Amino acid sequence: MMKHPVLVVDDEPKVAQLLVDYLRFASYEAHALMEGGEVIAWVKANSPQLILLDLMLPGKSGLEICRELRLFSDVPIIMITARVDDIDRLLGLEIGADDYICKPFNPREVIARVKTVLRRTNGHSPTLALYGITLDDVQFRATVHGQSLSVTPVEFRLLKTFIAEPKRVFSRSQLMDCAYNDNRVVNDRAVDSHIKNLRKKLASLLPPEQPAMIHSIYGVGYRWEP
């Protein structure tokens, strides 16, 4: 089974390395980042099982990162703060973090918190969520504002591709590569039919006044942008 890492995000090298060392000693795979602006892309590429996220970071704050992560992922997040007066903000803003730890901390306590959060979230299916649409990658299930969306496996993979990278323009051939994982040869124009069906299914569960989410880009392909 693929082993997903625990991501440590802290701009203090000694703190980041200390946490990585303790995590590895506790048999977790661990990776550290020190710039807030690097986190979102890294998470999309590596799917960590948990994130230890410092509140104050260069480039982008922990609060901003947490909010952005919650647009597409429910990865467990433990916030780290050096300021006691930030605790009320962390809890009161309901930013989607699962726990918090105050600096200075005992590394053993951090490991204990990591184990507790992972136990609490264990068995929860990895999901992507964006603007009321949630995809359960384990059960191959999609919902729109809590209502079940009946999709084929190909439609599910297309939807997952769009939600993972909103506003990106995909060519038809790129979308077909994502939709078919068995390397079969398919006419890339077939994606038009799948997109048409997907649009109809989404429209049936969304308010009539809501604009289309999948946009055609003439001569190129498609883009997801609610």
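In which strand does D54 lie? D54 lies in strand β3. Helices (H or I, at least four residues) and strands (E, at least two) are DSSP runs, numbered from the N terminus. The model is predicted, so local features need pLDDT of at least 70 and side-chain atom pairs count only at pLDDT 80 or more, while totals for chains, interfaces and linings use all residues. Residues are numbered from 1 along each chain as its sequence is written, and side-chain values use heavy atoms, with hydrogens and water left out.

Start with D54. Its relative accessible area is 4%, so D54 is buried. Buried means under 20% relative accessible area, exposed over 50%, and partly exposed in between (1.4 Å probe, protein chains only). Neighbours within four places in sequence aside, D54 contacts V9, D10, D11, G62, I80, T81 and K103. Contact means heavy atoms within 4.5 Å.

Now the sheet. Five strands form an open sheet in the order β2-β1-β3-β4-β5, with parallel pairing. Two strands pair if DSSP finds at least two bridges between them. β2 (30-33) and β5 are the edge strands, each pairing on one side only. From one strand to the next, the twist averages 20 degrees. Axes here are lines fitted to C-alpha atoms, for helices over the stretch in contact, and angles run from 0 to 180 degrees between N-to-C directions. Four bridges join β1 (residues 6-9) and β3 (residues 50-54) in the parallel sense. V9 stands opposite L53 in β3.

At β5 (residues 99-102), look for Y100. Y100 is partly exposed, because its relative accessible area is 25%. The C-alpha atoms of Y100 and M79 are separated by 4.4 Å, although the two residues are 21 apart along the chain.

Next comes helix α1. α1 lies across β1, β2, β3 and β4 (77-81), and runs at about 170 degrees to β2. The helix has 13 residues (13-25), which should span 18 Å at 1.5 Å a residue; its end C-alpha atoms are 18 Å apart, in agreement. The expected span is 1.5 Å times one less than the number of residues.

Which residues of α1 are buried? They are V15, A16, L19, V20 and L23. Seen down the axis of α1, these buried residues fall within an arc of 130 degrees, so they line one face of the helix. The arc is that of the directions from the helix axis to the C-beta atoms. An α-helix has 3.6 residues a turn, so residues three or four places apart point the same way. On the other side of α1, K14 and F25 are exposed. Just after α1, S27 takes a positive phi of about 75 degrees.
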